[in-house]
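I opened this model to look up its overall shape, its sheets and a few single residues. My notes follow.

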Amino acid sequence: MHGTPHIVSDVMTHTVAAIGRRANFKEIVQLMEQWKVSALPVLEGEGLVIGVVSEADLLPKEEFRDSDPDRYTQLRRLSDLAKAGAVTAEDLMTAPAVTVRANATLAQAARTMAHAKVKRLPVVDDVGLLEGVVSRGDLLKVFLRDDEDIAEEVRREVVSYLFRAPLAPVRVQVHDGVVTLTGRVRDTSLVPVAARLVRAVEGVVDVEFELTGPSGQQER
């Protein structure tokens with residue numbers, strides 16, 4: 001099989017707003033509003049990513065602005081209280097930054113986001129210099145792929161590979177990203193394998209089977 005998955009560099013944003021470690025609180029808020037983003041990479045030197053300031057890092061200042069937290073809250077939310085008193089990116093940022101490489105697959109980037117519970121990831125090169133940013137929305141762009149493009153890849157990379165001598169032609173139909181395979185095949189044990197391979201095709205939302213074996217028994 002020769003299908004090549006999309007990688008982060010295919011969908012990432014190359015023009016990125018970023019700040020230095022000495023950027024002040026108001027400057028950070030203004031830049032987020034100007035660029036309509038929820039987080040900003042913090043850079044040092046020639047563009048080395050040393051951290052990220054997100055809306056979550058800024059909110060404690062408003063949350064604790066007019067409150068006097070009790071001892072339990074102080075102990076439980078020590079980090080948030082420190083950020084509530086911070087005024088520069090250096091003290092506000094989450095470090096080290098969770099980043100991704102430009103050659104990572106979209107699936108790898110999605111897993112990194114989910115594990116770190118973040119909405120955006122700085123994209124860095126081999127030495128940690130900023131190359132761009134990838135967001136959740138960027139990763140979802142694969143689901144805008146045309147149905148016929150998906151069908152053609154499934155025919156080429158899955159059906160012709162697994163069902164080389166079907167008892168009847170295996171038809172591939174795609175509607176709103178849902179792939180349906182219909183036909184009669186010699187080995188129905190390959191259906192679970194086909195399901196896994198079809199779901200791995202970018203843009204596929206789900207897969208359904210209307211395949212029968214030599215005896216005519218249907219596999220779904």
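**Overall shape**

I began with burial: 40% of the 220 residues of the protein count as buried, where buried means under 20% relative accessible area, exposed over 50% and partly exposed in between, with a 1.4 Å probe and protein chains only. This is a predicted model, in which local features need pLDDT of at least 70, side-chain atom pairs count only at pLDDT 80 or more, and totals for chains, interfaces and linings use all residues. Residues are numbered from 1 along each chain as its sequence is written, and side-chain values use heavy atoms, with hydrogens and water left out.

I listed the secondary structure next. The protein has ten helices and ten strands. Helices (H or I, at least four residues) and strands (E, at least two) are DSSP runs, numbered from the N terminus. Then I checked the spread. The radius of gyration is 24 Å, well over the 17 Å that the globule rule gives for 220 residues, so the protein is more spread out than a compact globule. That radius is taken over C-alpha atoms, and the rule is 2.2 Å times the number of residues to the power 0.38. The C-alpha trace spans about 75 × 40 × 25 Å along its principal axes.

I looked at contacts, meaning heavy atoms within 4.5 Å. Among contacts with a separation of 6 or more, 57% come from residues 24 or more positions apart. The accessible surface is about 12900 Å², and carbon and sulfur atoms own 51% of it. These areas come from the Shrake-Rupley method with a 1.4 Å probe; for residues, only the protein chains shown count as cover.

**Sheet E1-E2-E3**

I traced an open sheet of three strands in the order E1-E2-E3, with mixed pairing. Its edge strands are E1 (19-20) and E3 (48-54), each pairing on one side only. Two strands pair if DSSP finds at least two bridges between them.

E1 and E2 run parallel and are joined by two bridges. Glycine 20 stands opposite leucine 43 in E2. Strand E2 (residues 39-44) and E3 run antiparallel, with six bridges. E2 and E3 form a hairpin with three residues between them. Glycine 45, in the turn, has a positive phi of about 65°.

**Sheet E4-E5-E6**

I then followed an open sheet of three strands, ordered E4-E5-E6, again with mixed pairing. E4 (100-101) and E6 (130-135) are the edge strands, each pairing on one side only. E4 pairs with strand E5 (residues 120-124) in the parallel sense over two bridges. Arginine 101 has valine 124 in E5 as its bridge partner.

Most residues other than glycine have a negative phi, and most peptide bonds are trans. I searched for exceptions.

Lysine 36 has a positive phi of about 55° although it is not a glycine. Lysine 36 sits in the loop between helix H2 (25-35) and E2. It counts as exposed, at 63% relative accessibility.

Lysine 117 has a positive phi of about 60° and is not a glycine either. Its place is the loop between H7 and E5. At 75% relative accessibility, lysine 117 counts as exposed.

A cis peptide bond joins alanine 95 and proline 96, with omega about -5°. Proline 96 lies in the loop between helix H6 (89-92) and E4.

**Two single residues**

Is valine 207 buried or exposed? It is buried, at a relative accessible area of 7%. Valine 207 belongs to strand E9 (residues 206-212). Leaving out residues up to four places away in sequence, valine 207 touches Val179, Ala195, Val198 and Arg199.

I checked threonine 112 in helix H7 (residues 106-116). Threonine 112 counts as partly exposed, at 25% relative accessibility. Beyond residues up to four places away in sequence, threonine 112 touches Val98, Thr99 and Leu121.
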